[in-house]
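I opened this notebook to record what I looked up in the model. The entries follow the order in which I made them.

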Protein chains: 2
Amino acid sequence: MIHYPKAIQQAIQELSRLPGIGTKTAERLVMSILRKKRADQTALVTSLANLQKSVQMCTTCGYVTDNSDGICHYCKDPQRGEQTICVVADMQTLQVIEKSGAFKGKYHVLGGTINPIEGISADMLTIASLIRRVQTAKGKIKEVLLATGTDIEGEQTALYIAQHFKTSGIKLTRLARGIPRGSNLEYADEMTLADAITNRQQV
Amino acid sequence: MIHYPKAIQQAIQELSRLPGIGTKTAERLVMSILRKKRADQTALVTSLANLQKSVQMCTTCGYVTDNSDGICHYCKDPQRGEQTICVVADMQTLQVIEKSGAFKGKYHVLGGTINPIEGISADMLTIASLIRRVQTAKGKIKEVLLATGTDIEGEQTALYIAQHFKTSGIKLTRLARGIPRGSNLEYADEMTLADAITNRQQV
């Protein structure tokens, strides 16, 4: 029979609760943590403890921050335009958009997408706070760019938000559909190709 | 430009030092930790802190233990034979052998295999302590089963240990080579097939 010290069993259990980490991987991670130097072990544990201690959600946009006033880097940045809010599902999407360098407005992080199968309903996202945010801005916010994914959940979430802003007079936009850069058209799917033809641009 | 709070940057850095975890995965893990409930975050951090606090290497065999005397579960087990020591590269291999249920002796965990490319030399493994252990047992240990892998590093390590026991009169064995259970011979490689023919067994 296999026998692990209790501390190892618990660490495996906790790690395997993280996404994409099964028991086998958790086991491998624990073994490698045990093999680390004492200082490196401490650094890992401290970094995770600090996550909990010092990081919170931005009270305006839902991104993360360690500022004591609870307002994140992007919301504070005076260089960023106040007129457009880019609505993203999660922080990773925000990162990708930032990397593109093409957006200079403010963000709103939903914290997921509406997904009935996984039990994520609209009220579990920061949609209400987005609506409040736009109302409170009293006309300062001119455009809401719905930058959710083009999968069913993303489209569904965008549609849900769009319905709430229908009568508000605010400009609602979404990311352009088309052929990705560097693509061989031979491998493009018909839906994307249809999108690209419908939205063809003048050169 | 992407901006993460410092605590997030550090947690990503520390997590991406673990094997098989790149920056992208570390980022995803950190985000999922941030989304967890406070109690679950604490459970994760505590479990990793406890690893460091309560787990140590068994002073006899190199496996892990949380016993205060530093002797592990397997070394303490009176049901296990003292005559055979099964030498394994790491704790995972020990687990697999235990799962097979075919070995009832004691173990010795090397902590890796000799691998010049990765800079792991024989003196970084518990080989010296294995030799000492056999000497101290004064004839009580009759057999050393070299259960290292059949890759170059495994074979190399087994060979190195074997040389040290050459003149000791101890019986040295290794795992049988042959066709794995449930294999279609069509897909067996020639080396394995050659092994299986050389070591053919009477039925």
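The entries below concern the sheets, the helices on them and the interface.

**Entry 1, conventions.** I worked on a predicted model, in which local features need pLDDT of at least 70 and side-chain atom pairs count only at pLDDT 80 or more, while totals for chains, interfaces and linings use all residues. Residues are numbered from 1 along each chain as its sequence is written, chains are lettered from A and ligands numbered from 1 in the order in which they are written, and side-chain values use heavy atoms, with hydrogens and water left out.

**Entry 2, sheet of chain B.** I found an open sheet of 4 strands in chain B, ordered β4-β3-β5-β6 with parallel pairing. Strands here are DSSP runs of E, at least two residues long, and helices are runs of H or I, at least four, numbered from the N terminus; two strands pair if DSSP finds at least two bridges between them. At the edges I noted β4 (106-109) and β6 (171-174) of chain B, each pairing on one side only. From one strand to the next, the twist averages 25°. Strand β3 (residues 84-88) of chain B pairs with β4(B) over 4 bridges in the parallel sense, and V87(B) stands opposite H108(B) there.

Helix α5 (residues 91-100) of chain B lies across β3 and β4 of chain B, at about 155° to β4(B). Such angles run from 0 to 180 degrees between N-to-C directions, with axes fitted to C-alpha atoms, for helices over the stretch in contact. Helix α6 (residues 127-136) of chain B touches β3, β4 and β5 (143-146) of chain B; contact means heavy atoms within 4.5 Å.

**Entry 4, chain A.** I then read the sheet of chain A, an open one of 4 parallel strands in the order β4-β3-β5-β6. Its edge strands, β4 (106-109) and β6 (171-174) of chain A, each have a single partner strand, so one side of each is left without a neighbour in the sheet. V87(A) stands opposite L146(A) in β5(A).

Which residues of chain B lose the most area to chain A? I found L48(B), L51(B) and Q52(B), together 12% of what that side buries. The area buried between the chains is about 5,200 Å², 66% of it from carbon and sulfur atoms; buried area is the accessible area (1.4 Å probe) that two parts lose on being put together, summed over both. The contact takes 53 residues from chain B and 53 residues from chain A.
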